[in-house]
Amino acid sequence: MANAMLLAVLVSFLVLPFSALALTQDFCVADLACPDTPAGYPCKKGVGPGDFYYHGLATAGNTNNLIKAAVTPAFVGQFPGVNGLGISAARLDIAVGGVVPLHTHPAASELLFVTEGTILAGFISSSSNTVYTKTLYKGDIMVFPQGLLHYQYNGGSSPAVALVAFSGPNPGLQITDYALFANNLPSAVVETVTFLDDAQVKKLKSVLGGTG
């Protein structure tokens with residue numbers, strides 16, 4: 001009992017300084033000249049209005065690539081004002097026939113708002129591998145819970161555009177296909193863990209620039 005009470009007191013003392021900081025500090029614009037940390041970037045000195053403004057999402061991304069899609073981020077690295085606020089944003093452009101392959105954001109949930117075109121989207125639950133899919137039209141929104149595999153692709157005959165909000169300043173991104181086939185993970189290992197044959201693995205590595 002005494003140990004439990006001592007632990008509660010220690011936790012309180014650990015939490016109080018951070019609570020006080022949250023109450024006494026309105027914001028903490030990232031000082032990108034310093035290294036990032038698990039708690040975010042250190043606060044920049046000499047903050048101005050421009051630190052809370054970002055025009056980067058006004059321009060369409062270049063979809064002239066393998067997946068015919070482009071993500072333009074407004075994460076803390078591009079928009080230092082979101083540091084410590086638990087939010088960030090991005091613009092998603094998908095050309096006709098384009099796709100954002102299965103991927104995950106380890107550090108944030110995603111809210112997608114379609115502004116143009118038609119997007120077919122879905123995610124897979126981690127507990128039962130249940131697939132939740134929906135066709136999204138202009139004005140629709142869909143949420144993708146943190147860390148779950150999900151995808152989007154253009155389901156129409158015209159370019160699709162979406163604005164994306166994240167529940168963290170640096171949500172992270174790992175695309176499954178690139179994680180398996182765009183690096184030097186040996187083909188034999190990929191074949192073992194995916195049940196794909198050698199020809200399939202080597203073909204995908206060739207397409208995505210992998211070796212081994």
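A residue counts as buried when its relative accessible area is under 20%, and as exposed when that value is over 50%. Keep those cut-offs in mind as we walk through this structure, which is a predicted model.

You'll find Ala 199 in helix H4, which covers residues 198-208. Now look at Ser 187, which sits in helix H3. Is Ser 187 buried or exposed? With a relative accessible area of 4%, Ser 187 is buried, because anything under 20% falls in that class. Gly 84 gives us another case: its place is in the loop between S1 and S2, and with a relative accessible area of 64% Gly 84 is exposed.

Here are the values side by side.

| Residue | Relative accessible area | Class |
|---|---|---|
| Ser 187 | 4% | buried |
| Gly 84 | 64% | exposed |

Distance along the chain and distance in space are separate things, and these residues let you check both. Ala 199 and Ser 187 are twelve residues apart in sequence, and their C-alpha atoms are 9.7 Å apart in space. For Gly 84 and Ala 30, the separation is 54 residues in sequence and 8.3 Å in space, again C-alpha to C-alpha.

**Where two helices meet**

What does Ser 187 touch, if we skip residues up to four places away in sequence? The list is Asp 198, Val 201, Lys 202, Lys 205 and Gly 212. Several of those names come back when we look at how the helices H3 and H4 meet. On the H3 side (residues 187-194), the residues involved are Ser 187, Val 190 and Glu 191, and they meet Asp 198, Val 201, Lys 202 and Lys 205 of H4. Sorted by class, that contact has two nonpolar, one polar and four charged residues. As for the geometry, the axes of H3 and H4 come within 9 Å and cross at roughly 115 degrees. The crossing of H3 past H4 is right-handed.

S2 runs antiparallel to strand S1 (residues 69-74), and six bridges join the pair. Pro 73 has Ala 90 in S2 as its bridge partner. Seven bridges link S2 to strand S9 (residues 160-166), and that pair is antiparallel as well. Here Leu 92 stands opposite Ala 162 in S9. S9 also pairs with S4 in the antiparallel sense, over six bridges, and Phe 113 faces Leu 163 of S9.

**A second sheet**

There is another open sheet of five strands, this time in the order S6-S5-S8-S3-S10, with antiparallel pairing. Which strands stand at the edges? They are S6 (131-136) and S10 (174-175); each has a single partner strand, so one side of each is left without a neighbour in the sheet. S10 pairs with strand S3 (residues 99-104) over two bridges, in the antiparallel sense. In that pairing, Thr 104 stands opposite Gln 174 of S10.

**What's packed inside**

In soluble globular proteins, nonpolar side chains tend to be buried together. In this model, the largest nonpolar core has 21 residues, and those with the most contacts inside it are Leu 92, Ile 94, Leu 112 and Ile 119. S2, S4 (110-116), S5 (119-124), S7 (141-144) and S9 each supply at least two residues of this core. S9 gives the most, with four residues.

Leaving out residues up to four places away in sequence, Leu 92 touches Ala 70, Val 71, Val 100, Leu 112, Gln 152, Ala 160, Val 161, Ala 162 and Val 164. Ala 162 is also the residue that Leu 92 stands opposite in S9.

Finally, there is a second, separate core of seven residues, including Tyr 41, Leu 57, Ala 74 and Val 82.

Methods:
Residues numbered from 1 in each chain as written. Predicted model: local features only at pLDDT ≥ 70, side-chain atom pairs only at ≥ 80, totals over all residues. Heavy atoms only, no water. Pairing = 2+ DSSP bridges. Axes fitted to C-alpha atoms, helices over the stretch in contact; angles between N-to-C directions. Left-handed = near helix turned anticlockwise from the far one by under 90°. Contact = heavy atoms within 4.5 Å. Nonpolar A, V, L, I, M, F, W, Y, C, P; charged D, E, K, R; others polar. Buried < 20%, exposed > 50% of the residue type's maximum accessible area, 1.4 Å probe, protein only. Core = buried A, V, L, I, M, F, W, Y, C linked by side-chain atoms within 4.5 Å.
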